[in-house]
Amino acid sequence: MPILDLSFDEVLTTTRAVRKRLDLTRSVEPEVIRECLELALQAPTPGGMQNWHFLVVTDPSQREALAALYRQSARSPGGQEDILQQMIAAAASEKEAADRTRKAAPARYLTEHLHEVPVHVIPCIEGRSENLPVIQQAGLWGSIIPATWSFMLAARSRGLGTSLTSYHLFFEREAAEVLSIPYEQIMQTALIPVAYTIGDTFKPAVRKPLDKVLHWNRW
Ligand SMILES: Cc1cc2nc3c(=O)[nH]c(=O)nc-3n(C[C@H](O)[C@H](O)[C@H](O)COP(=O)(O)O)c2cc1C
């Protein structure tokens, strides 16, 4: 059952990427994860295929192995550090660079503490998207991502913090070995660290104004 008194719109606007405010000392009951995943299964799925799977990782040594791959990804070419450094270097002013450095801190914090986050949820899909035409890629990714977001919204309404991460996928094959996932048949799509949050007030994010991205009838 939801434990926070939030309206649906509040859940939609305040489900933030939570990293520094994860309570790493509090365990998460398996039942609450199951409850959130039950809700996630109501998400749309092409042709009723339900070709999705969720691997829940709580074993400390498995989490440590995943976190090690995540850290390795962060330091790989094109990984987290490269992206953050490029964003900081591209800043128009010193003030903007300082602001971007400040905003990078939570992502770096998660990289250092991922093994301490009590639950890692890995949404997986049957099939692999490499070499597929866009229509079939859309069917795969478009099936698992709505369910994943539903899971994250349900978690928020229960006082849990999550973030959608993808960096461990630099080493998807190695992660598949750690988790005994049959790599050729099953594609991992993300890694969602889950923990209770420290406090439960979160603000809506600053995003581009709607009119910058809205196209009506014509592009
Ligand atoms: C497809 C996708 C992959 C992402 N991968 C990562 C990741 O590997 N690590 C990370 O710290 N943030 C990652 N993020 C970013 C966060 O999930 C988050 O959306 C972003 O920091 C903005 O925070 P906000 O949603 O609270 O505004 C990813 C986001 C998306 C949509």
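# A tour of the predicted model

The protein folds into eight helices and five strands; helices (H or I, at least four residues) and strands (E, at least two) are DSSP runs, numbered from the N terminus. This is a predicted model, in which local features need pLDDT of at least 70 and side-chain atom pairs count only at pLDDT 80 or more, while totals for chains, interfaces and linings use all residues. Residues are numbered from 1 along each chain as its sequence is written, and side-chain values use heavy atoms, with hydrogens and water left out.

**Whole chain.** Along the principal axes, the C-alpha trace spans about 50 × 50 × 45 Å. Of the 219 residues, 41% count as buried; buried means under 20% relative accessible area, exposed over 50% and partly exposed in between (1.4 Å probe, protein chains only).

**The ligand.** A polar backbone atom of alanine 17 is 2.8 Å from an oxygen atom of the ligand. At arginine 19, a polar side-chain atom lies 2.8 Å from a ligand nitrogen atom. At arginine 207, a polar side-chain atom lies 2.7 Å from a ligand oxygen atom. Taken alone the ligand exposes 620 Å², and the protein buries 62% of that (accessible areas come from the Shrake-Rupley method with a 1.4 Å probe; for residues, only the protein chains shown count as cover).

Tyrosine 70 belongs to helix α3 (residues 60-74) and tyrosine 167 to the loop between β3 (160-161) and α7 (172-179), so the pair ties together parts that are 97 residues apart in sequence. Tyrosine 70 counts as buried, at 3% relative accessibility.

**Arginines over rings.** Select arginine 21, which lies over the face of phenylalanine 202, at 4.0 Å from the ring centre. Then go to arginine 128, over the face of tyrosine 183 at 3.9 Å from the ring centre. A charge sits over a ring if NZ of Lys or CZ of Arg is within 6 Å of the ring centre and within 35 degrees of the ring normal.

**Two asparagines.** Most residues other than glycine have a negative phi. Asparagine 131 has a positive phi, near 70 degrees. Asparagine 131 is in the loop between β2 (119-126) and α6 (134-157) and counts as exposed, at 81% relative accessibility. Asparagine 217 also has a positive phi near 70 degrees. Look for asparagine 217 in the segment after α8 (210-213); at 72% relative accessibility, asparagine 217 counts as exposed.

**Last stop.** Glutamate 29 sits in the loop between α1 (8-14) and α2 (30-40) and is partly exposed, with a relative accessible area of 34%.

Notes: Polar contact = N/O pair within 3.5 Å; in protein donor to acceptor, adjacent residues only side chain to side chain.
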